[in-house]
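Subject: Structure handover

Hello,

Here is the structure for your files. Please open it first, then read the notes below.

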Amino acid sequence: MGSKWCFALVIISCFVVTGFAGGQEHIGQYSQADVEAGFNLYNANCITCHGANGDSVPGINLRTNEFRRVSTDSDLNRIIQTGIPGTAMPPGRYNTAELAGLVAYIRAMREFDTVATGRGDAARGQNIFEEKGNCNSCHRVNNKGSRVAPDLSDIGAIRSPEALRRSLIDPTASMLPLNRPVRAVTRDGKLISGRRLNEDTYTVQVIDTEEHLISLIKADLREFTVLKTSTMPSYKDKLNPAELDDVVAYLRTLKGSR
Ligand code: HEC
Ligand code: HEC
């Protein structure tokens, strides 16, 4: 009798838990927010061994959920925390929210990719990248293109499809603090504009619009401004939604050599 009640309670609580997330966007049974958080944690902590597609450890494919020891979400939770003694799989200290994100991402990895990439066509996307979008005039991919803007050769492994789409639609809002464009004027009046690569208290390293790497001593500058708007144009009106899908699909394939 007691165990019957217990069973019923488990079902009810499952129902309540899934019911709660009702208003959010979902990928399968997991919330989009959890999956995105997991994507970022995965890229920071797991990708070096398991790879961008989750299949670098022989016999294990996290993307298609082919496991050796894992069947339930709580197995995943446990293994991520304890690691697997005697193997290269390390223990990890994550809080409850982070664990939920990692589990959600592993469970939804495959759908996450297809949902987010939509019906985009990577080959068409590459063509738009090189022709109509003229992205190569600023970005470099696999040793081709300019160094004025960040190299995108592994962008598909380090940014979520959502983040990639945001970069195209609203570059200024998605700008990373380090990548900000800068404008410097030296004591003798020389103007340097470029992209900040690194900065400390006394110096700043910039790659200028001619692709020269320049190190500036701040004390030698008459003016040093970090600009708040991206030099990347928004493609919101330059490309239609289908073309944006194609470009995102192409960027998703850029996973460097990892
Ligand atoms: C230093 C390399 C390394 C890192 C980092 C790493 N793993 Fe692993 N992981 C492994 C190896 C190797 C195995 C396979 C162990 C074995 O079965 O021999 C494994 C196994 C697993 C398994 C168990 C699969 C199964 O069914 O047995 C899961 C799940 C897993 N890793 C998830 C993760 C997650 C999530 C992260 C990041 C939070 C992570 N791993 C980070 C190397 C790593
Ligand atoms: C005029 C130069 C320029 C052009 C053209 C340009 N970009 Fe950018 N892009 C940048 C710069 C500079 C950044 C670095 C951060 C910022 O300013 O937004 C950037 C950032 C990005 C990022 C984010 C990188 C990250 O680390 O998250 C993506 C993705 C991107 N661009 C894709 C594209 C694509 C695809 C095209 C063509 C459709 C394109 N860009 C065209 C200058 C450009």
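A donor here is an N, O or S atom within 2.8 Å of the metal (3.2 Å for Na, K and Ca); water is not among the atoms, so sites may look incomplete. Six donors count as octahedral if opposite donors are over 155 degrees apart and all others between 65 and 115.

This is a predicted model: local features need pLDDT of at least 70, side-chain atom pairs count only at pLDDT 80 or more, and totals for chains, interfaces and linings use all residues. Residues are numbered from 1 along each chain as its sequence is written, chains are lettered from A and ligands numbered from 1 in the order in which they are written, and side-chain values use heavy atoms, with hydrogens and water left out.

Overall picture

The protein chain has 9 helices and 9 strands. Helices (H or I, at least four residues) and strands (E, at least two) are DSSP runs, numbered from the N terminus. Of its 258 residues, 38% count as buried. Buried means under 20% relative accessible area, exposed over 50%, and partly exposed in between (1.4 Å probe, protein chains only). Take the contacts between residues at least 6 apart in sequence: 57% of them join residues at least 24 apart. Contact means heavy atoms within 4.5 Å.

Iron of ligand 1

Which protein residues hold the iron atom of ligand 1 as donors? They are His50 (NE2) and Met89 (SD), lying 2.0 to 2.1 Å from the iron. The 6 donor atoms subtend angles of 89 to 178°, so the arrangement is octahedral. The pair links distant parts of the chain, 39 residues apart. Histidine 50 is in helix H3 (residues 47–50), and methionine 89 is in the loop between helix H4 (73–82) and helix H5 (96–117). Histidine 50 is buried at 12% relative accessibility. Methionine 89 is partly exposed at 24%.

Histidine 139 lies in the loop between helix H6 (122–130) and strand E3 (140–141), and methionine 232 in the loop between strand E9 (221–226) and helix H9 (241–252), so the pair ties together parts 93 residues apart in sequence. Histidine 139 is buried, at 11% relative accessible area. Methionine 232 is partly exposed, at 23%.

Helix packing

The axes of helix H8 (residues 161–169) and H9 come within 10 Å and cross at roughly 130°. Axes are lines fitted to C-alpha atoms, for helices over the stretch in contact, and angles run from 0 to 180 degrees between N-to-C directions. H8 and H9 are therefore oblique to each other. Angles under 35 degrees count as roughly parallel, over 145 as roughly antiparallel, 65 to 115 as roughly perpendicular and the rest as oblique. Residues in the contact include Leu164 and Leu168 of H8, and Val248 and Leu251 of H9.

Two backbone notes

Asparagine 143 has a positive phi of about 70° although it is not a glycine. Asparagine 143 sits in the loop between E3 and strand E4 (144–145), and is exposed at 68% relative accessibility. Glutamate 211 also has a positive phi, near 70°. Its loop runs between strand E7 (203–208) and strand E8 (213–217). Glutamate 211 is partly exposed at 30%.

Best wishes

Notes: Tetrahedral: all angles 85-135°; square planar, octahedral: opposite > 155°, others 65-115°.
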